[in-house]
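Notebook open, new structure on the screen. I'll jot down what I look up as I go.

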Amino acid sequence: MEYVTLNNGVQMPILGYGVYQISDQAECEKCVLDALSVGYRSIDTAQAYRNEEAVGRAIKKSGVPREELFITTKVWISNAGYEQAKASVEESLRKLQLDYLDLVLIHQPFGDYYGTYRALEELYKAGTLRAIGVSNFYPDRYIDLVQFTEVVPAVNQVETHVFNQQVKAQEIMEKYHTQIESWGPFAEGKNNLFTNTTLQTVGEQYHKSTAQVALRYLIQRGVVVIPKTVSRNRMEENMNVFDFGLTPEDMAQIAALDTDESAFFSHYDPQVVENLTGYGKQGLE
(Lines give C-alpha, C1' and ligand atoms only; values in the text may rest on other atoms or scores of the structure.)
Protein backbone atom coordinates (compact mmCIF):
# COMPACT_ATOMS: atom_id res chain seq x y z
CA MET A 1 0.00 0.00 0.00
CA GLU A 2 1.06 3.56 -0.70
CA TYR A 3 0.09 6.44 1.56
CA VAL A 4 -0.47 10.17 1.34
CA THR A 5 0.42 12.47 4.22
CA LEU A 6 -2.42 14.82 5.14
CA ASN A 7 -1.81 18.44 6.11
CA ASN A 8 -1.67 17.53 9.81
CA GLY A 9 0.82 14.67 9.35
CA VAL A 10 -1.73 11.84 9.45
CA GLN A 11 -1.01 9.02 6.99
CA MET A 12 -3.91 7.93 4.76
CA PRO A 13 -3.89 4.94 2.39
CA ILE A 14 -4.09 6.12 -1.20
CA LEU A 15 -6.40 3.20 -1.99
CA GLY A 16 -9.43 2.35 0.13
CA TYR A 17 -12.77 0.60 -0.09
CA GLY A 18 -16.06 2.49 -0.46
CA VAL A 19 -19.46 1.17 0.63
CA TYR A 20 -21.77 3.59 -1.21
CA GLN A 21 -25.00 1.91 -2.41
CA ILE A 22 -24.45 -1.23 -0.31
CA SER A 23 -27.54 -0.62 1.80
CA ASP A 24 -28.26 -4.26 2.65
CA GLN A 25 -26.76 -4.73 6.10
CA ALA A 26 -25.71 -8.36 5.70
CA GLU A 27 -24.18 -7.73 2.29
CA CYS A 28 -22.32 -4.66 3.50
CA GLU A 29 -20.90 -6.51 6.49
CA LYS A 30 -19.73 -9.36 4.24
CA CYS A 31 -18.19 -6.95 1.73
CA VAL A 32 -16.23 -5.05 4.37
CA LEU A 33 -15.01 -8.33 5.87
CA ASP A 34 -13.91 -9.42 2.39
CA ALA A 35 -12.17 -6.08 1.77
CA LEU A 36 -10.30 -6.25 5.07
CA SER A 37 -9.24 -9.84 4.43
CA VAL A 38 -8.02 -8.89 0.95
CA GLY A 39 -5.84 -6.20 2.53
CA TYR A 40 -7.79 -2.96 2.45
CA ARG A 41 -7.28 -0.85 5.55
CA SER A 42 -9.20 2.28 4.57
CA ILE A 43 -13.00 2.03 4.65
CA ASP A 44 -15.23 4.91 3.51
CA THR A 45 -18.84 5.12 4.69
CA ALA A 46 -21.34 7.90 5.46
CA GLN A 47 -24.40 8.60 7.54
CA ALA A 48 -26.47 8.81 4.36
CA TYR A 49 -25.40 5.33 3.25
CA ARG A 50 -27.24 3.80 6.21
CA ASN A 51 -24.64 1.08 6.66
CA GLU A 52 -22.38 2.38 9.43
CA GLU A 53 -23.57 -0.35 11.79
CA ALA A 54 -22.72 -3.05 9.25
CA VAL A 55 -19.27 -1.54 8.76
CA GLY A 56 -18.79 -1.47 12.52
CA ARG A 57 -19.72 -5.13 12.90
CA ALA A 58 -17.31 -6.10 10.14
CA ILE A 59 -14.48 -4.13 11.74
CA LYS A 60 -15.19 -5.85 15.06
CA LYS A 61 -15.31 -9.33 13.54
CA SER A 62 -12.25 -8.84 11.33
CA GLY A 63 -9.77 -8.86 14.18
CA VAL A 64 -7.68 -6.21 12.40
CA PRO A 65 -6.04 -3.97 15.02
CA ARG A 66 -7.75 -0.56 15.20
CA GLU A 67 -4.47 1.29 14.71
CA GLU A 68 -4.07 -0.35 11.28
CA LEU A 69 -7.42 0.99 10.05
CA PHE A 70 -8.39 4.31 8.50
CA ILE A 71 -12.15 4.80 8.89
CA THR A 72 -14.03 7.66 7.21
CA THR A 73 -17.63 8.76 7.59
CA LYS A 74 -19.55 11.86 6.49
CA VAL A 75 -22.11 14.16 8.08
CA TRP A 76 -25.30 14.42 6.04
CA ILE A 77 -27.24 17.64 5.31
CA SER A 78 -30.07 16.79 7.74
CA ASN A 79 -27.47 16.75 10.53
CA ALA A 80 -25.99 20.14 9.59
CA GLY A 81 -25.34 22.77 12.24
CA TYR A 82 -23.13 22.73 15.32
CA GLU A 83 -25.33 20.84 17.79
CA GLN A 84 -26.84 18.36 15.34
CA ALA A 85 -23.53 17.62 13.65
CA LYS A 86 -21.77 16.99 16.95
CA ALA A 87 -24.53 14.64 18.08
CA SER A 88 -24.54 12.86 14.73
CA VAL A 89 -20.80 12.17 14.89
CA GLU A 90 -21.26 10.68 18.36
CA GLU A 91 -24.02 8.50 16.89
CA SER A 92 -21.74 7.45 14.02
CA LEU A 93 -19.07 6.46 16.55
CA ARG A 94 -21.65 4.36 18.40
CA LYS A 95 -22.85 2.66 15.22
CA LEU A 96 -19.29 1.97 14.09
CA GLN A 97 -18.35 0.78 17.61
CA LEU A 98 -15.29 3.03 17.59
CA ASP A 99 -13.70 5.41 20.09
CA TYR A 100 -12.36 7.70 17.38
CA LEU A 101 -12.60 8.26 13.64
CA ASP A 102 -9.70 8.82 11.27
CA LEU A 103 -11.59 11.21 9.01
CA VAL A 104 -14.99 12.89 9.07
CA LEU A 105 -16.20 14.92 6.09
CA ILE A 106 -19.09 17.30 5.52
CA HIS A 107 -20.94 15.31 2.87
CA GLN A 108 -22.50 18.16 0.89
CA PRO A 109 -21.96 21.96 0.75
CA PHE A 110 -25.52 22.74 1.86
CA GLY A 111 -27.28 23.57 5.10
CA ASP A 112 -25.36 25.14 7.97
CA TYR A 113 -22.05 23.60 6.99
CA TYR A 114 -20.15 26.30 8.86
CA GLY A 115 -21.81 25.15 12.08
CA THR A 116 -21.03 21.57 11.13
CA TYR A 117 -17.40 22.43 10.53
CA ARG A 118 -17.12 24.17 13.92
CA ALA A 119 -18.34 20.94 15.52
CA LEU A 120 -15.79 18.92 13.57
CA GLU A 121 -13.01 21.36 14.53
CA GLU A 122 -13.93 20.94 18.20
CA LEU A 123 -13.99 17.14 17.97
CA TYR A 124 -10.68 17.25 16.08
CA LYS A 125 -9.03 19.34 18.79
CA ALA A 126 -10.39 16.93 21.41
CA GLY A 127 -8.74 14.01 19.62
CA THR A 128 -12.01 12.25 18.72
CA LEU A 129 -11.27 12.84 15.03
CA ARG A 130 -7.79 12.45 13.58
CA ALA A 131 -8.63 14.57 10.53
CA ILE A 132 -11.56 16.56 9.17
CA GLY A 133 -12.57 17.71 5.73
CA VAL A 134 -15.30 18.14 3.15
CA SER A 135 -16.92 16.37 0.24
CA ASN A 136 -18.41 17.74 -2.97
CA PHE A 137 -17.13 21.25 -2.29
CA TYR A 138 -16.49 23.00 -5.59
CA PRO A 139 -13.54 25.45 -5.64
CA ASP A 140 -15.67 28.51 -4.81
CA ARG A 141 -17.24 27.12 -1.65
CA TYR A 142 -14.06 25.28 -0.74
CA ILE A 143 -12.00 28.49 -0.84
CA ASP A 144 -14.65 30.35 1.16
CA LEU A 145 -14.59 27.66 3.86
CA VAL A 146 -10.79 27.63 3.99
CA GLN A 147 -10.66 31.41 4.40
CA PHE A 148 -13.11 31.54 7.30
CA THR A 149 -12.29 28.48 9.39
CA GLU A 150 -9.42 27.67 11.71
CA VAL A 151 -8.52 24.15 10.56
CA VAL A 152 -7.82 23.74 6.84
CA PRO A 153 -9.73 20.71 5.50
CA ALA A 154 -7.41 17.73 5.29
CA VAL A 155 -9.42 16.16 2.44
CA ASN A 156 -11.96 17.18 -0.20
CA GLN A 157 -13.71 14.16 -1.68
CA VAL A 158 -15.10 14.99 -5.11
CA GLU A 159 -16.22 13.17 -8.26
CA THR A 160 -12.94 12.31 -9.96
CA HIS A 161 -12.36 9.84 -12.79
CA VAL A 162 -10.80 9.77 -16.25
CA PHE A 163 -13.75 11.67 -17.75
CA ASN A 164 -13.82 14.35 -15.03
CA GLN A 165 -10.26 14.66 -13.82
CA GLN A 166 -10.60 17.74 -11.58
CA VAL A 167 -7.23 19.12 -12.68
CA LYS A 168 -7.97 22.76 -11.80
CA ALA A 169 -9.75 21.84 -8.59
CA GLN A 170 -6.79 19.70 -7.55
CA GLU A 171 -4.40 22.60 -8.16
CA ILE A 172 -6.50 24.83 -5.90
CA MET A 173 -6.64 22.16 -3.19
CA GLU A 174 -2.87 21.74 -3.36
CA LYS A 175 -2.44 25.50 -2.97
CA TYR A 176 -4.24 25.28 0.36
CA HIS A 177 -2.72 21.90 1.33
CA THR A 178 -5.90 19.81 1.04
CA GLN A 179 -5.75 16.24 -0.27
CA ILE A 180 -8.05 15.43 -3.19
CA GLU A 181 -9.99 12.16 -2.88
CA SER A 182 -12.03 10.57 -5.63
CA TRP A 183 -15.52 9.24 -5.30
CA GLY A 184 -16.72 7.31 -8.33
CA PRO A 185 -13.25 6.54 -9.71
CA PHE A 186 -14.90 4.30 -12.33
CA ALA A 187 -17.66 6.86 -13.08
CA GLU A 188 -19.99 3.97 -12.20
CA GLY A 189 -19.23 2.59 -15.67
CA LYS A 190 -20.64 5.61 -17.47
CA ASN A 191 -19.27 6.55 -20.91
CA ASN A 192 -18.38 2.86 -21.33
CA LEU A 193 -15.34 3.28 -19.09
CA PHE A 194 -14.76 -0.47 -18.77
CA THR A 195 -14.51 -0.88 -22.54
CA ASN A 196 -12.76 2.40 -23.31
CA THR A 197 -10.25 1.78 -26.11
CA THR A 198 -7.61 4.14 -24.72
CA LEU A 199 -7.65 2.43 -21.33
CA GLN A 200 -7.69 -0.99 -22.99
CA THR A 201 -4.71 -0.17 -25.21
CA VAL A 202 -2.69 1.16 -22.28
CA GLY A 203 -3.66 -1.78 -20.12
CA GLU A 204 -2.60 -4.37 -22.69
CA GLN A 205 1.01 -3.24 -22.29
CA TYR A 206 0.97 -4.20 -18.63
CA HIS A 207 -1.58 -7.05 -18.72
CA LYS A 208 -3.93 -4.90 -16.69
CA SER A 209 -7.67 -4.23 -16.96
CA THR A 210 -9.23 -0.89 -17.86
CA ALA A 211 -10.31 -0.55 -14.22
CA GLN A 212 -6.76 -1.05 -12.99
CA VAL A 213 -5.45 1.51 -15.47
CA ALA A 214 -8.14 4.01 -14.41
CA LEU A 215 -7.14 3.60 -10.76
CA ARG A 216 -3.41 3.70 -11.50
CA TYR A 217 -3.84 6.94 -13.43
CA LEU A 218 -5.50 8.67 -10.49
CA ILE A 219 -3.00 7.26 -7.99
CA GLN A 220 -0.07 8.55 -10.05
CA ARG A 221 -1.71 11.98 -9.97
CA GLY A 222 -1.77 11.79 -6.18
CA VAL A 223 -5.53 11.23 -5.97
CA VAL A 224 -6.85 9.02 -3.15
CA VAL A 225 -9.31 6.44 -4.54
CA ILE A 226 -12.05 4.38 -2.86
CA PRO A 227 -13.46 2.02 -5.52
CA LYS A 228 -16.63 0.17 -4.58
CA THR A 229 -17.44 -3.39 -5.61
CA VAL A 230 -19.32 -6.28 -4.00
CA SER A 231 -17.09 -8.86 -5.73
CA ARG A 232 -14.10 -10.20 -3.80
CA ASN A 233 -12.31 -10.87 -7.09
CA ARG A 234 -12.78 -7.24 -8.12
CA MET A 235 -11.54 -6.12 -4.72
CA GLU A 236 -8.35 -8.09 -5.32
CA GLU A 237 -8.05 -6.70 -8.85
CA ASN A 238 -8.53 -3.12 -7.65
CA MET A 239 -5.86 -3.64 -5.00
CA ASN A 240 -3.40 -5.00 -7.56
CA VAL A 241 -2.33 -1.64 -8.99
CA PHE A 242 1.01 -1.06 -7.28
CA ASP A 243 3.15 -3.38 -9.40
CA PHE A 244 3.21 -1.25 -12.55
CA GLY A 245 3.57 2.39 -13.53
CA LEU A 246 2.19 4.44 -16.38
CA THR A 247 4.66 6.30 -18.60
CA PRO A 248 4.34 10.03 -19.36
CA GLU A 249 2.98 8.99 -22.77
CA ASP A 250 0.34 6.78 -21.12
CA MET A 251 -0.61 9.58 -18.76
CA ALA A 252 -0.96 12.03 -21.65
CA GLN A 253 -3.26 9.67 -23.57
CA ILE A 254 -5.53 9.24 -20.56
CA ALA A 255 -5.44 12.97 -19.76
CA ALA A 256 -6.99 13.53 -23.20
CA LEU A 257 -10.13 11.67 -22.05
CA ASP A 258 -11.02 14.52 -19.68
CA THR A 259 -14.30 16.28 -20.52
CA ASP A 260 -14.07 18.56 -17.48
CA GLU A 261 -17.75 17.83 -16.81
CA SER A 262 -19.61 15.72 -14.28
CA ALA A 263 -20.85 12.32 -15.43
CA PHE A 264 -23.64 12.57 -12.86
CA PHE A 265 -24.95 15.99 -11.81
CA SER A 266 -23.97 19.57 -11.04
CA HIS A 267 -24.22 21.14 -7.60
CA TYR A 268 -24.99 24.37 -9.42
CA ASP A 269 -28.24 22.87 -10.81
CA PRO A 270 -31.18 24.18 -8.72
CA GLN A 271 -33.08 20.90 -9.18
CA VAL A 272 -30.11 18.92 -7.86
CA VAL A 273 -29.87 21.21 -4.83
CA GLU A 274 -33.60 20.84 -4.16
CA ASN A 275 -33.30 17.07 -4.39
CA LEU A 276 -30.23 16.87 -2.17
CA THR A 277 -31.57 19.15 0.54
CA GLY A 278 -34.94 17.40 0.46
CA TYR A 279 -33.68 13.85 0.74
CA GLY A 280 -33.18 13.84 4.51
CA LYS A 281 -30.78 11.03 5.26
CA GLN A 282 -31.24 9.50 1.83
CA GLY A 283 -28.61 11.11 -0.32
CA LEU A 284 -26.53 10.97 -3.38
CA GLU A 285 -22.80 10.18 -3.27
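Predicted model: local features only at pLDDT ≥ 70, side-chain atom pairs only at ≥ 80, totals over all residues.

I started with helix α9, whose buried residues pack against β3 (17-18), α1 (25-38) and α8 (210-220). Contact here means heavy atoms within 4.5 Å. Helices are DSSP runs of H or I with at least four residues, strands are E runs of at least two, and both are numbered from the N terminus.

Residues are numbered from 1 along each chain as its sequence is written, and side-chain values use heavy atoms, with hydrogens and water left out.

Which residues of α9 (residues 232-239) are buried? I found Met 235, Glu 237, Asn 238 and Met 239. Buried means under 20% relative accessible area, with a 1.4 Å probe and protein chains only.

Next I checked Asn 196, in the loop between β9 (179-183) and α7 (197-206). Asn 196 counts as buried because its relative accessibility is 13%. Leaving out residues up to four places away in sequence, I see Asn 196 touching Phe 163, Thr 210 and Leu 257.

Last, I looked at a helix pair. Pro 139, Tyr 142 and Ile 143 in α5 meet Ala 169, Ile 172 and Met 173 in α6. I get six nonpolar residues in this contact, no polar and no charged; Ala, Val, Leu, Ile, Met, Phe, Trp, Tyr, Cys and Pro count as nonpolar, Asp, Glu, Lys and Arg as charged, and the others, Gly among them, as polar.

Conventions: Buried < 20%, exposed > 50% of the residue type's maximum accessible area, 1.4 Å probe, protein only.
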